[in-house]
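I would like to walk through one model with you, taking its rings, its cores and a few backbone details in turn, so please keep the picture open while I talk.

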Amino acid sequence: MKTIEEMQKRKKELGYSNRQLSKLSGIPFGTVQKILGGYTEHPRFDTKRALEKVLFPEETTYASVETYTSVERVTPESLCVREKSSGNYLYGSTADDSDRKRPGDYTVADWEHLPGDRRVELMDGILYDMANPALVHQLILSSLLFQLLDYVEKNHGDCRVIPAPIGVRLEKDDKTMLEPDLVVVCSPEKLRPKWLEGAPDLVIEILSPSTCHRDLTRKFSKYESAGVRSYWVVDPEKKRILVYNFEEDDLLQIHSFRDQIPVTIWDNQCVVDFTEIWKQISFLYDENGTLKT
């Protein structure tokens, strides 16, 4: 039997909210809040076991949850089944072999000197060569950019909506320079001539097989710890959007391409209409709703 502390840690790792755990486990929402909030020190055995089935399914022999209704168990592994391996790593930096370094030793200075026609991310001293985006990626990006820009121009002129490629240097880390697909920045002092210094208010990443695992694991952790307020992960293949609101108690919300999604950094006054985005990209899917390759 797991401790309350272990369940709290696992809940954070998976990105579940208390309401989602309530739906998945069948435990009343208020009971989940009391247990994982530390207000109930000795919950009933059956209640703890039901939570364990959801949080630690690989360690239990109980029958798994059969129906998730509107909430689906989402883990990086379930979303990234097609990610490529270490062939995505770029181990060279600048001019010739004499300048090559070991993975983990590259810095922002190396990133700056890469050829301008290549899109590369630097993370923890490793350079990752980013593949050219697919058409579905670009159509989603352009529609998101249009909707967010339209709202900013009418309501929040002090914010900037910036599409890729734009370098983002979180926490003045000399070994990390990320390139999200889209950022919203409402603190102009963070903008530098060559990159963004500090945490954007909103980060949006559109998944591709080569970036999936980084977007959902390592980059997720970096964005959260750096103070990004909201992080959206758009999954074109599964037609859903994972919205992580780091300022909210219900950390993860899962939306479909049929939803209208409020932007929490603007107190939900802005709503991104994914039905409009779907109109732009639906021709790229077959009659079964599968993304064409």
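Predicted model: local features only at pLDDT ≥ 70, side-chain atom pairs only at ≥ 80, totals over all residues.

F220, Y223, Y231, Y244 and F246 come together as one aromatic cluster, where rings of Phe, Tyr and Trp (its six-membered ring) pair if their centres lie within 6.5 Å, and planes under 30 degrees apart count as stacked, over 60 as edge-to-face and the rest as tilted. Residues are numbered from 1 along each chain as its sequence is written, and side-chain values use heavy atoms, with hydrogens and water left out.

The structure holds ten aromatic pairs. W278 and Y285 form a tilted pair, 4.9 Å centre to centre and with 50° between the planes; here W278 is partly exposed at 28% relative accessible area, while Y285 is buried at 5%.

Let me move on to the cores. A nonpolar core is a set of buried Ala, Val, Leu, Ile, Met, Phe, Trp, Tyr and Cys residues joined through side-chain atoms within 4.5 Å. The largest one has 31 residues, and those with the most contacts inside it are L148, W232, W266 and F274. Which element gives the most to this core? That is α7, with seven residues. A second, separate core of 25 residues includes C212, Y231, V233 and Y244.

Helices α7 and α9 also pack against each other, at an angle of about 145° and with their axes 10 Å apart; the axes are lines fitted to C-alpha atoms, for helices over the stretch in contact, and angles run from 0 to 180 degrees between N-to-C directions. Among the residues that meet here are L139 and L144 in α7, and F274 and I277 in α9, where contact means heavy atoms within 4.5 Å.

Finally, the backbone. Most residues other than glycine have a negative phi, and most peptide bonds are trans. A cis peptide bond, with omega about 5°, joins A164 and P165, and P165 lies in the loop between β4 (160-163) and β5 (167-169). D124, in the loop between β2 (120-123) and β3, has a positive phi near 55° and is partly exposed at 37% relative accessibility. K239, in the loop between β9 and β10, likewise has a positive phi near 55°, and its relative accessible area of 25% makes K239 partly exposed.

For the chain as a whole, the secondary structure comes to nine helices and 13 strands, and of the 293 residues, 49% count as buried.

Key
Buried < 20%, exposed > 50% of the residue type's maximum accessible area, 1.4 Å probe, protein only. Helix = DSSP H or I, 4+ residues; strand = E, 2+ residues; numbered from the N terminus.
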